[in-house]
Amino acid sequence: QVQLVESGGGLVQAGGSLRLSCAASGLTFSTYVMGWFRQAPGKEREFVASITWTSITTLYADSVKGRFTISRDNAKNTVFLQMNSLKPEDTAVYYCAARHRIGSKYNYWGQGTQVTVSS
């Protein structure tokens, strides 16, 4: 059974930082592309960042480029999202997701962690 468990969310002031973690189990972690998505109240879920199994390729939404950094530790089956210079518009539930390296869809999702940025 695949499980993705996020942690590290919380309340932070604008300009602050948070580091999200996502611990994966039940899958061969090193063969999966890992992604972070977020969903703000009243809005659709949106892509934030992704990282390939080798960490060679990372992708970011334009809204977070230069502020967020995605990384992974395949030995610990964990993916991270370092979020700096946070803005109130970054407030959302952040979800971790996994997509097999030869797949086209994210098949597995975590339960989400709340990030709230106060102005």
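Predicted model: local features only at pLDDT ≥ 70, side-chain atom pairs only at ≥ 80, totals over all residues.

Trainee: OK, Ser21 to start. Where does Ser21 lie?

Mentor: Ser21 is part of strand E3, which covers residues 18-25.

Trainee: And is Ser21 buried or exposed?

Mentor: Ser21 is buried, because its relative accessible area is 19% and buried means under 20%.

Trainee: What does Ser21 touch, if we skip residues up to four places away in sequence?

Mentor: Val5, Glu6, Ser7, Trp36, Thr78, Val79 and Phe80. As for Tyr95, it sits 74 residues from Ser21 in sequence and 10 Å from it in space, C-alpha to C-alpha.

Trainee: Val79 is on that list. What is Val79 in contact with, leaving aside its neighbours within four places in sequence?

Mentor: Ser21 again, plus Leu20, Cys22, Phe29, Met34, Trp36, Ile51, Ile70, Ser71, Arg72 and Cys96.

Trainee: On to the core, then. How many residues does the largest nonpolar core have?

Mentor: It has 28, and those with the most contacts inside it are Met34, Trp36, Val79, Leu81, Met83 and Tyr94.

Trainee: Which elements give two or more residues to this core?

Mentor: E3, E7, E8 and E9 do, along with strand E4 (32-39), strand E5 (46-51) and strand E11 (113-118). In soluble globular proteins, nonpolar side chains tend to be buried together.

Trainee: Switching topic: which residues have a positive phi although they aren't glycine?

Mentor: Asn77 is one of them, with a phi of about 50°, and Ser85 also has a positive phi of about 50°. Most residues other than glycine have a negative phi.

Trainee: Where are Asn77 and Ser85?

Mentor: Both are in loops: Asn77 is between strand E7 (68-73) and E8, while Ser85 is between E8 and E9.

Trainee: How accessible are Asn77 and Ser85?

Mentor: Asn77 is at 24% relative accessibility, so it counts as partly exposed. Ser85 is partly exposed too, at 41%.

Trainee: Last one, Thr91. Where is Thr91 found?

Mentor: In the loop between strand E8 (78-83) and strand E9 (92-100).

Conventions: Residues numbered from 1 in each chain as written. Heavy atoms only, no water. Helix = DSSP H or I, 4+ residues; strand = E, 2+ residues; numbered from the N terminus. Buried < 20%, exposed > 50% of the residue type's maximum accessible area, 1.4 Å probe, protein only. Contact = heavy atoms within 4.5 Å. Core = buried A, V, L, I, M, F, W, Y, C linked by side-chain atoms within 4.5 Å.
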